[in-house]
Amino acid sequence: MEENRRQSPRSPKSQPYLSVSVTDPVKLGNGVQADISYRVISQTNLPDYQGPEKIVILRYNDFVWLRDRLFERYKGIFIPPLPEKSAVEKFRFSADFIEMRRQGLDTFVNRIASHHELRYSDDLRLFLQADEETMERVRAQEIGLFKKKPADFMQIFKDVQSNVSDVVLGKEKPVEESTPEYEKMKHYIFELEEHLAEAQKHAFRLVKRHRELGQSLSDFGKAVKLLGACEGESLGKAFSELGTKSEALSMKL
């Protein structure tokens, strides 16, 4: 579950704010056409937005579109990275992977929303306010072989590679008859997929424990600082410094 929706800051009108929450991932479709949609909630007092709160339904490709547009329009400004796609197809819709991606997308869009220049982007405003049909139409207008970037060609290559793998793995019938070399290669790929799946499962667990450790250090730091506020000057200062270092360390995990 999402860590509850962010509350819009109680800021004076002179202080602009833009806060975004990526919530409620939902699987749509089946098979190769399956995808995940996200409920994206924006809260702002920026005058160019339609109102103080807007809720839209977006997909991963919409986030890719936003990143690519910002890359094109804001040369010299660091554009936050998107969370990577699953290396193993069968983990694409696992609960752990979906939650990790949701958190990554939430971090991605909020880093943009908090940037002093990117938050005023017309593309960000469209992204946070357009309905699904509008976003599909906008993306479709930019599809074309000569408009594709190196990353797009890499994705095309991966899709072709995936189709070839389907043939090799027997998901589609090969044109040629089975041979010893084919059977050997198929056995090798099945074993490789199993090892990759096991490695990714442990990677998810490691990342989850890593984040839990960071949160524990942060909570410990806050508790120690509160304890320091109740102690005398010397001991209180020591507790305060310990709490500050613990919170700083949690940010690096």
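This is a predicted model: local features need pLDDT of at least 70, side-chain atom pairs count only at pLDDT 80 or more; totals for chains, interfaces and linings use all residues.
Visitor: Which residues of α3 are buried?

Guide: D123, L124, R125, F127, L128 and Q129 are the buried ones. Buried means under 20% relative accessible area (1.4 Å probe, protein chains only). Residues are numbered from 1 along each chain as its sequence is written, and side-chain values use heavy atoms, leaving out hydrogens and water.

Visitor: Why is α3 largely enclosed?

Guide: Six of its eight residues are buried, so the rest of the structure largely encloses α3.

Visitor: What do those buried residues pack against?

Guide: They pack against β1, β2, β3, α1, α2 and α4.

Visitor: And what does F127 touch?

Guide: V56, L58, D62, F63, W65, L66, V109 and M135 (heavy atoms within 4.5 Å). That leaves out residues up to four places away in sequence.

Visitor: Which residues of α1 meet α3?

Guide: D62, F63, W65, L66, R69 and R73. On the α3 side are D123, L124, L126 and F127.

Visitor: At what angle do α1 and α3 pack?

Guide: About 170°, with axes 9 Å apart. The two helices are therefore roughly antiparallel (over 145 degrees).

Visitor: New topic. How many residues has the largest nonpolar core?

Guide: It has 33. V40, F63, L66, V109, L124, F127 and L128 have the most contacts inside it.

Visitor: Which elements give it two or more residues?

Guide: β1 (18-28), β2 (35-44), β3 (53-59), α1 (60-73), α2 (95-113), α3 (122-129) and α4 (132-141).

Methods: A nonpolar core is a set of buried Ala, Val, Leu, Ile, Met, Phe, Trp, Tyr and Cys residues joined through side-chain atoms within 4.5 Å. Buried means under 20% relative accessible area, exposed over 50%, partly exposed in between (1.4 Å probe, protein chains only). Helices (H or I, at least four residues) and strands (E, at least two) are DSSP runs, numbered from the N terminus. Axes are lines fitted to C-alpha atoms, for helices over the stretch in contact, and angles run from 0 to 180 degrees between N-to-C directions. Angles under 35 degrees count as roughly parallel, over 145 as roughly antiparallel, 65 to 115 as roughly perpendicular and the rest as oblique.
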